[in-house]
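Dear colleague,

I am handing over a structure that you have not worked with before, and I would be grateful if you looked through it alongside the notes below.

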Amino acid sequence: QVQLVESGGGLVQAGGSLRLSCAASGPTFSTYAMGWFRRAPGKEREFVVTISRRGGVTYYANSVKGRFTISRDNAKNTVYLQMNSLKPEDTAVYYCAGKRTTYYSGTYYDSAEYDVWGQGTQVTVSS
């Protein structure tokens, strides 16, 4: 299975932007639906967004809809999370995850569905 490595986290002021990347190893990336999750201090891990194998279907948490955009480049084995209009409540460790699936349009918001996880990248939004 693929291995995932996130990058792009950091410290940003409220209203700013960051772009996270998640690079996958291995030749089977295009067989994985991908998702981003986050865990804020003292809170449970929560779903952020998911994207289907070819990128044609996406599904966002209400808390980020209209501010975050997920995309993927299967030729580069990478999924991206563009985060705009960041808020202090977006502060969390962000994880990308992959679920191998035969469904081209499959998207998954339940973390239990995912087979592989990255190590996480810290995003801190100051007020």
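Buried here means under 20% relative accessible area, exposed means over 50%, and partly exposed lies in between, with a 1.4 Å probe and protein chains only. Because its relative accessibility is 31%, Ser-71 counts as partly exposed. The model is a predicted one, in which local features need pLDDT of at least 70 and side-chain atom pairs count only at pLDDT 80 or more, while totals for chains, interfaces and linings use all residues. Residues are numbered from 1 along each chain as its sequence is written, and side-chain values use heavy atoms, with hydrogens and water left out.

Ser-71 lies in strand 7, strands being DSSP runs of E with at least two residues, numbered from the N terminus. Leaving out residues up to four places away in sequence, Ser-71 touches Ile-51, Val-79 and Tyr-80, where contact means heavy atoms within 4.5 Å.

Four strands form an open antiparallel sheet in the order 1-3-8-7, two strands being paired if DSSP finds at least two bridges between them. Its edge strands, each pairing on one side only, are strand 1 (4-7) and strand 7 (68-73). Within this sheet, strand 3 (residues 18-24) and strand 8 (residues 78-83) run antiparallel and are joined by six bridges, and Ala-23 stands opposite Thr-78 in strand 8.
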